[in-house]
Amino acid sequence: MKQIGEILIEHCGLTVDALEKALDKQVESGGTIGSIIIKNGDIDEIDVLSGLGAYLDMEVSRMLPADIQTEFTRTIPIGFLKNNKMVPVDTGDEHYIAINDPFLFQPLDDLRKILSWQGCRAVLVPAQPILNAINYSYDMTQTTADVVMQDIDEEDPERLFSEIEEIGDLLDDTSDSPVIRLVNLMFSQAVRDNASDIHIEPYQNSLKVRQRLDGILYDMISPPKHVQPALISRVKIMAKLSIDQKRLPQDGRIELKVADKEIDVRVSTLPTAFGERVVLRLLKKSSVLIPLTELGMPKDRFRPFEKEIKAANGIVLVTGPTGSGKTTTLYAALSSINNTDINIITIEDPIEYRISGIGQVQVNPKIDLTFASGLRSIVRQDPDVILVGEIRDTETAEIAIQSALTGHLVFSTLHTNDSASAITRLRDMGIEPFLIASSINAVLAQRLVRIICSHCKQVYTASAEELKRIGIVDNETVKRKVFRGRGCTKCHHTGYKGRCGIYELLLMTQEMKALVLETSDANQIKACAVESGMVTLRKDGAMKVFQGITTIEEVVRVSQD
């Protein structure tokens, strides 16, 4: 039988020099010739498979069907399939084994015997589609929470300490401890559902676990009350927190891998009357920054906002409650102006995205590294642009304003209901009106509304009363057709899938500066801004209702008149 190198030279056009280079590397560091050649970039993986397929008379496929049956997960360990990069494919109409390395004869024969598929064909497929199919199959067939909870009883606490040091794939965990399996299931389900948070909530006679999807909390499971100590202890052990300390709040973190997703989990515990409450914030390490142009900001607000974030100095504030996407907007703004000509430094709590070319500082109150103290040091680092994660106190506000007045462009966030209230909040902090008027360039208020699920979207005619709730009172529009979601399996029967922003941009014009010097009344400031053409959150939400993006109920939920 020919060597693989000869096959690749003959069928794939591989050069002798490239083969010799790969052989030398194999001697040094091991590995297969095929994988080394692909890594070196001499030929693509699909070309290698095509060459092997031609020589061995085997079929080659780039992708796998989406409707693979998953009965095999009950009898075949996930590790066996991952290590050998093979997966059984049964669509009901045909069955075969997808394999990446055709020379793994023994594992292939073993798999055929286990499945009773003697004589079935093998098809060459690239590694990634095989691994994706394995992860998806085992993720979808994880033991349900109900089954796991049937196994739970008062178990030996020592078992909770098993295998917590190594960061492995949760789908590979074969622990027989029901509590460990329940925690793993809890994480894998949350990641699969794209949840942002998991809440473990103890009550007098019950324990509830909920997850936040698109900003709304939904019930996940309700384990028996007696499981509470073991469940919370397991989470605390994974986060390297003290399991003995139950009277004080604690913060920690867990690094997880679920299928092909790496997750950073921020853990917060809080003592309550009925036990410790735990909130787990799930952050994907592979989170991709959303470009400024894809935030869904209408042109009449995007263009002036883009102009303000490119200003030489001043402050640009983004306001809204927790979870309204403020940080995402600011990161998008930073990324759009990030280049080698300017020095950008941030101080954040926590650092949610890592951006190349930007200096990022993590707040750490334990060593007195606060927003105020960090910002004071950052100003001495010759920055052009500064991002302050949040203005929480007077000291931070004063330093940010002084930085803006001395030639820096400052981005930050405030927790206020609308853009006009940001001015009032700064006044409440003790900032002088003339400093606010001379330093603030713009205030962007935003909310996140849920997007109607495209799979179950349906049209209906909104009543005049419904339209009035979003500020539409024109008689000619009382028969407007709008949309809502019926609820389906794709959207967990909520009628919504995904979120987008609604925006309100207050620009500090000369007229607005004069008003700020006279009053801090948010209603007067807002009325003046609306007269000048500002589109309110409620009005922007109404526009997105008529565009079929979201529903009347969503706009009313997140915005106010």
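The paragraphs below take these topics in turn.

This is a predicted model, in which local features need pLDDT of at least 70 and side-chain atom pairs count only at pLDDT 80 or more, while totals for chains, interfaces and linings use all residues. Residues are numbered from 1 along each chain as its sequence is written, and side-chain values use heavy atoms, with hydrogens and water left out.

The charged contacts come first. A salt bridge here is a side-chain nitrogen of Lys or Arg within 4 Å of a carboxyl oxygen of Asp or Glu, and the model has 20 salt bridges by that rule. Four residues, Arg253, Glu255, Asp264 and Arg266, are linked in a network of such bridges. Within it, Arg253 meets Glu255 at 3.7 Å, N to O. Arg253 also forms a salt bridge with Asp264, where the closest N and O atoms are 2.8 Å apart. Arg253 lies in strand β7 (residues 250-258) and Asp264 in strand β8 (residues 261-272), so this pair ties together parts that are eleven residues apart in sequence. Strands (E, at least two residues) and helices (H or I, at least four) are DSSP runs, numbered from the N terminus.

How far these side chains are covered is given by relative accessible area: buried means under 20%, exposed over 50%, and partly exposed in between, with a 1.4 Å probe and protein chains only. Arg253 is partly exposed at 42%, and Glu255 is partly exposed at 35%. Asp264, at 7%, counts as buried.

Another salt bridge joins the side chains of Asp540 and Arg301, at 3.1 Å from N to O. Asp540 belongs to helix α20 (residues 537-546) and Arg301 to helix α11 (residues 299-309), so the pair ties together parts that are 239 residues apart in sequence. Asp540 is buried, with a relative accessible area of 1%, and Arg301 is buried at 3%.

Next is helix α15 (residues 419-428). Seven of its ten residues are buried, so the helix is largely enclosed by the rest of the structure. The buried residues of α15 are Ser419, Ala420, Ser421, Ala422, Ile423, Thr424 and Leu426. Gly430 follows α15 and has a positive phi, near 100°.

A cavity is a set of points, on a 1 Å grid over the protein atoms alone, where a 1.4 Å probe fits but cannot get out; its lining residues have an atom within 4 Å of a point. Grid points are joined across faces, edges and corners, and the volume is the space filled by probe spheres set on the points. One cavity of 30 Å³ or more is found, and the largest cavity has a volume of about 40 Å³. Its lining includes Asn417, Asp418, Glu504, Lys526 and Arg538.

Last come the rings. Aromatic rings of Phe, Tyr and Trp (its six-membered ring) pair if their centres lie within 6.5 Å; planes under 30 degrees apart count as stacked, over 60 as edge-to-face and the rest as tilted. There is one aromatic pair by this rule. The rings of Phe103 and Phe105 have centres 6.3 Å apart and planes at 85°, so the pair is edge-to-face. Phe103 is partly exposed at 27% relative accessible area, and Phe105 is partly exposed at 48%.

Terms used: On a 1 Å grid over the protein atoms alone, a cavity is a set of points where a 1.4 Å probe fits but cannot get out, and a pocket is an open set with protein on both sides within 12 Å along at least five of seven lines; lining residues have an atom within 4 Å of a point.
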